[in-house]
Amino acid sequence: MIRSAIRTGLTLAVITASIAMIVAGRAVLAERAAAVPVPAAATLTEVTTARIAMVDGYAVARVFTGQVQAAQRSDLSFELGGTVAEVLFDEGDRMDAGTPVARLDTRLIDAEIARLIATKAALAAQADLAERTTRRQKALQTQGFASEQALDSASLGLAELNARIAEVEASLLAANIRREKATIRAPFDGQVAARLIDVGSTAGAGAPVLRLSQAAAPQFRVGVPVAVAEGMAPGDRLTVAFGATDHTARIAAILPELDAATRTRTVLLDLPTGAMPPFGETGRLILAQTVALRGAWVPLSALEAGPRGLWRILTVEDRGGQPTVGNETVEVLFADADRAFVRGTFRDGAAFIVDGAHRVVPGQPVTELAGGA
């Protein structure tokens, strides 16, 4: 009993001492905390904002690739074969329509023409004699000194000679045509793109001698989708770009058939005269199309990836006099190099953070700096 009382007393004494030490420690900590100066309030994050401006649509620049070509391009050849006697132009040379560009050796044709002329002259002399004979036979028959058979023989002989003269004249005409066709003439004002044969060569009928490109204003050939072509008409003026240079071209024709390979309709545009790219140069047809959708433009820097594949922008709202970060879900309808056209849960005129949205979170108080791009 006595030992139990002693243990209990010692335990109470230890507990009492512990409590006293804890109270004393608290007092010391409180005194030290009171001695530490109160820290200043944290500075609010500054954000640059702009205002949502709702519009009823946006313009999209669609680009289609095409090539420059001559308005007319022809491979010139002889209709009849023979030995090439002259090629009067070389590659790069220009010429006017109707100018001779190449000739065949026509000596055989000239000899044939000379023979036919001589034959015609001989027949003409015989016909003159036959005509005089016929006149005499008629006079003698009138006087009763010539038979009808003699008159018929003279008149029919004259008719035969006239027929043979007509035959020679036809042959002479054919020979002159062959001689004329032995010279190739330029069908239009143009420039020699290629010389394909030289003097002394034997040119077959239809074998190309020169390739001629029309010197008039070139054309731009481009394929566009059927739906796009339906909105075009001959005479419309469109923009064609070569490198960094834009030109205004006029639609000359829209071909009625689809291209079998690309399933597009071919549009031919007349390019302006002057310094233009060479034939075969690749260019771009630029079409501006307006898409009628209500939305707003925002910088790409204002967009953040949201949950489930969506996008969001952070807005700044006035909550009790304090600008505070808000969150709005958006759908990107179109984007170019530095901005996007979006629609979403935002309202017209709302302030949104244009840059540095990663530095704040929704619900965070901020300091708003207006005037962002």
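Predicted model: local features only at pLDDT ≥ 70, side-chain atom pairs only at ≥ 80, totals over all residues.
**Ground rules.** I number residues from 1 along each chain as its sequence is written. Local features need pLDDT of at least 70, side-chain atom pairs count only at pLDDT 80 or more, totals for chains, interfaces and linings use all residues, and side-chain values use heavy atoms, with hydrogens and water left out.

**S213.** I found S213 in strand β11 (residues 208–214); strands are DSSP runs of E, at least two residues, numbered from the N terminus. S213 is buried at 3% relative accessible area (buried is under 20%, exposed over 50%, partly exposed in between, with a 1.4 Å probe and protein chains only). Its side chain makes a polar contact of 3.1 Å with that of R73 (N or O atoms within 3.5 Å, one able to donate a hydrogen and the other to accept it; residues adjacent in sequence count only if both atoms are side-chain atoms).

**Rings.** I counted 6 aromatic pairs (Phe, Tyr or Trp rings, the six-membered one for Trp, with centres within 6.5 Å; planes under 30 degrees apart are stacked, over 60 edge-to-face, the rest tilted). Y58 and F341 make a tilted pair, 4.7 Å centre to centre with 40° between the planes. That pair joins β3 to β21, 283 residues apart. Both Y58 and F341 are buried. W297 and F341 are edge-to-face, because their planes sit at 70°, with centres 5.2 Å apart. I got 23% relative accessible area for W297, so W297 is partly exposed, while F341 is at 0%. Ring pairs tie Y58, W297, F334 and F341 into a cluster.

Definitions and conventions
Helix = DSSP H or I, 4+ residues; strand = E, 2+ residues; numbered from the N terminus.
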